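Reader: I'm new to this one, and I'd like to go through it with you slowly. Could you show me the structure before we start?

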Amino acid sequence: KSNLGLDLNVNIYRQDSTFANVKFLPILYLHLSNRQKLGLRGTFETSVVMDSLYTQAKDFSKKGIGLWYEFNEPSDVQLFLYKTRIRAEADYFSTNYSKENVNVTQNNFYFSGERNFYILGNNYLNLKAETALINSKNELVTNELLRFGGWNSFRGFNENTLLADFYYYGSAEYRYLVGSQSFFDIFAQYGQLNNKNLSLKPKLYSFGIGFNFFLPIGLMTFQISNGNEFGNPVKFSDTKIHWGILSRF
């Protein structure tokens, strides 16, 4: 009957044969209420460059501590998983670049918010916004930049191919319930990223349609989308198909 909880997360990311990141996050949190959590977490991350010819990345190790807050309001529509969701995070890291024997301090901030609005009949509107920033006194290398894009992020782009030290995006999605087990959606997204290493600040957009339905293993989503930088023409060859499963257990 304690209000305290514990999570242990391990994240592994590998980019082709260039580098691999392994992150371990022990998390302690407090249930403020049935809908709110406040947590303290540690971060232990190691990155190894496997291709000696790849000069845009470096071997590093990070240790840090952070705070996070989460608010979840359940939805009357089971398909939507929740009505409102808000998450805010702030982390402080000490990073060591082993080959250069250099130590620096860094800060990481993240915020996301999402809500489903009932319109009329079987019609709903989903609004979502997300932003993140990593701040460092040194120049960040590719294997420690923020990665986003793809099925559960900025659709119309390949998974985790957008790299930035700062980004934000917002999305609006119209949803039509076919029944209690499925719904169609039409969406549009707008955002911008900042990559100091490449001196890039592109403004991005995406749009598409999707179909979502329940299976015994969870909610399956199937989406067709197209994304690009503002000023570039829409190309049919850039169309992406996103597929994924959300499962609660």
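**A loop residue and its surroundings**

Author: Let us begin with Asn195, which lies in the loop between strand E11 (182-194) and strand E12 (203-215); helices (H or I, at least four residues) and strands (E, at least two) are DSSP runs numbered from the N terminus. This is a predicted model, in which local features need pLDDT of at least 70 and side-chain atom pairs count only at pLDDT 80 or more, while totals for chains, interfaces and linings use all residues. Residues are numbered from 1 along each chain as its sequence is written, and side-chain values use heavy atoms, with hydrogens and water left out.

Reader: Okay, is Asn195 buried or exposed?

Author: Asn195 is buried, because its relative accessible area is 4%; buried means under 20%, exposed over 50%, and partly exposed in between, with a 1.4 Å probe and protein chains only.

Reader: And what does Asn195 touch?

Author: Not counting residues up to four places away in sequence, Asn195 touches Leu145, Leu163, Asp165 and Leu200, where contact means heavy atoms within 4.5 Å. The C-alpha atoms of Asn195 and Leu163 are separated by 6.9 Å, although these residues are 32 apart along the chain.

Reader: Which backbone nitrogen atoms lie 3.1 Å or 3.2 Å from a polar atom of the Asn195 side chain?

Author: The backbone nitrogen of Asn197 lies at 3.1 Å from such an atom, and the backbone nitrogen of Leu198 lies at 3.2 Å from one.

Reader: What volume does the second largest pocket have?

Author: The volume of the second largest pocket is about 180 Å³, a volume being the space filled by probe spheres set on the points, which are joined across faces, edges and corners.

Reader: Now the largest nonpolar core: which residues touch the most other members?

Author: Of its 14 residues, those are Phe148, Phe154, Leu162, Tyr167, Leu193 and Leu204. At least two residues of this core come from each of strand E7 (123-136), strand E8 (146-148), strand E9 (162-164) and strand E10 (166-177). A nonpolar core is a set of buried Ala, Val, Leu, Ile, Met, Phe, Trp, Tyr and Cys residues joined through side-chain atoms within 4.5 Å.

Reader: What is Phe148 in contact with?

Author: Leaving aside neighbours within four places in sequence, the contacts of Phe148 include Ser153, Phe154, Asn160, Leu162 and Leu193. Ser153 sits in the loop between E8 and E9 and counts as buried because its relative accessibility is 12%.

Reader: Where is Asn160, and what about its phi?

Author: Asn160 is also found in the loop between E8 and E9, and its phi is near 55°, a positive value in a residue other than glycine. Most residues other than glycine have a negative phi. At 26% relative accessibility, Asn160 counts as partly exposed.

Reader: Which other residue has a positive phi, of about 50°?

Author: That is Asp16, which is not a glycine either; Asp16 has its place in the loop between strand E1 (4-15) and strand E2 (19-31), and it counts as exposed because its relative accessibility is 64%.

How values were computed. Polar contact = N/O pair within 3.5 Å; in protein donor to acceptor, adjacent residues only side chain to side chain. 1 Å grid on protein atoms, 1.4 Å probe; cavity = no way out; pocket = protein on both sides within 12 Å on 5 of 7 lines; lining within 4 Å.
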